[in-house]
Amino acid sequence: MLRKWVVVLSVLLIGLIPFVGTPTASAAPQPTTTAKPGAGTVISSTDITDQPDARMTGAKKVIAVTYLSENAQGDLVPVKATVSIPETNPHGRYRIFAWAHGTAGLGDECTVTDRMGVRINGKERWHDWMGPWLSDGYVIVASEYAGVGGPGVHAYSDGQMQGKNVIDSVRAARTVVERYGDGNTAGTGYLTSGGSQGGQSAIFAGHLAPTYAPELRNVGVSAQSVPVDIAEMLAVVAPGVPPIAIPDYVTYVSYVLAGLKVSRPDIDVDSYLTPLGKRLVDQAATACYPEFSPATSQYNVGQMVSRPLSEGPLLDAVRANSNVPDSGYEAPMLIQQGLLDPIAPAAFTSAWVDRARANGARIDYRTYPGATHGLGAYAETEAHKWADTLAWPTN
């Protein structure tokens, strides 16, 4: 059944491929690409190693940290993260694995990183993904995004903001390691990584890295199931289209539109929505994914809108916020993509990879024929092996 949904969605989207990467210019203000004084500053840190669900196997210490980073308006606000310091250090100075989590929700209760050691049915949730990194001596900094567990509402899919949050978490992690690392220190090298929203964030961080954090070295970017062209995903949405309930598509669109209301209040998002759509987008501002996803499964996106999203300024605003740049990358990238992904379709990812490569990006692109949205631990295992081949600095 899922394969049928993916085929239907692909038919709707495939005609847009020639236009991907050639959007109309947006009136959005140009974001800054240099860090504001104080970005990445640690404002609190607490050892939570012994707290329930905090510690992953392989971590010697787990430190909860609050640091300063930008929100959608460019103001420095408190952002939360956890820093897992490994039991071993074979590299002299710790390498930093900056992990950006996937969609969890926009509300303050939708945090992920304070439960990295959580067990589900007796098995540690993240061990297969993160355990090998810790065993190999990587410090893992897992960050939230501005507005999640902190002031304001999270501007979901605002790539510039999310990328800055990830980079500033690396700055904070280096401070934390100096305080809690028992004499060990973290080097300047870091890898950004994540899937779905986290993959978008990781790539944006890689794009920003040379100018936003020149004192650090972005060694590489590892990204999975990335929604590279969100605006083009929304371009087909109109009253009654799509006419079927695609798993998580209503949830995803609701989050994108709720995030747009935060980052671009000048766009009248409600003018595009039916009463149902307004209710869902309002709920998305506080609802966490585990509850919101099943609650939206009975609806289709075509029921949410009263006019095509392609009308007026909305899509240009989404492009300016969310579409992943296809040039300006210095570090190599590993992009992993399921060919049956209905949320971040492979056709868009492949087109983006082609454009980025043509613009000089070094991309190792790997596809998985039977996979949908959200790859398994096998993809993380491949990413870890790939990361160990990169040119990590010694300082």
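A: Axes here are lines fitted to C-alpha atoms, for helices over the stretch in contact, and angles run from 0 to 180 degrees between N-to-C directions. Helices (H or I, at least four residues) and strands (E, at least two) are DSSP runs, numbered from the N terminus. The model is predicted: local features need pLDDT of at least 70, side-chain atom pairs count only at pLDDT 80 or more, and totals for chains, interfaces and linings use all residues. Residues are numbered from 1 along each chain as its sequence is written, and side-chain values use heavy atoms, with hydrogens and water left out.

Take α2 and α11 to begin with. Helix α2 covers residues 127–135 and helix α11 covers residues 377–387; their axes come within 8 Å and cross at roughly 20 degrees. The two are therefore roughly parallel (under 35 degrees; over 145 is roughly antiparallel, 65 to 115 roughly perpendicular, the rest oblique). On the α2 side, the contact (heavy atoms within 4.5 Å) is made by D128, W129, P132 and W133, and on the α11 side by A377, E380, A383, H384 and A387. By class, six of these residues are nonpolar, one is polar and two are charged. Ala, Val, Leu, Ile, Met, Phe, Trp, Tyr, Cys and Pro count as nonpolar, Asp, Glu, Lys and Arg as charged, and the others, Gly among them, as polar.

Next comes α6, spanning residues 249–263, which packs on α7 at an angle of about 75 degrees, the axes being 8 Å apart. That angle makes α6 and α7 roughly perpendicular. From α6, V250, S254, Y255, L257, A258 and K261 take part; from α7, L280, V281, D282 and A284 do. This contact of α6 with α7 holds seven nonpolar residues, one polar and two charged.

Helix α6 also packs on α8, at about 120 degrees and with the axes 8 Å apart, so α6 and α8 are oblique to each other. V250, T251, S254 and Y255 of α6 meet Y289, F292, S293 and T296 of α8.

C288 is in the loop between α7 (275–284) and α8 (289–296), and a disulfide joins C110 to C288, with the sulfurs 2.1 Å apart. C110 is found in the loop between β4 (94–100) and β5 (119–120), 178 residues from C288, so that distant parts of the chain are linked. The count is one disulfide. Its S-S torsion is about -95 degrees, which means that the disulfide is left-handed. C110, at 3% relative accessibility, is buried (under 20%; over 50% is exposed, in between partly exposed, with a 1.4 Å probe and protein chains only). C288 is buried too, at 13%.

A64 sits in strand β2, residues 59–70, and is partly exposed, with a relative accessible area of 25%. Apart from neighbours within four places in sequence, A64 contacts S44, S45, T46, I48, A81 and T82.

How values were computed:
A disulfide is a pair of cysteine sulfur atoms within 2.5 Å.
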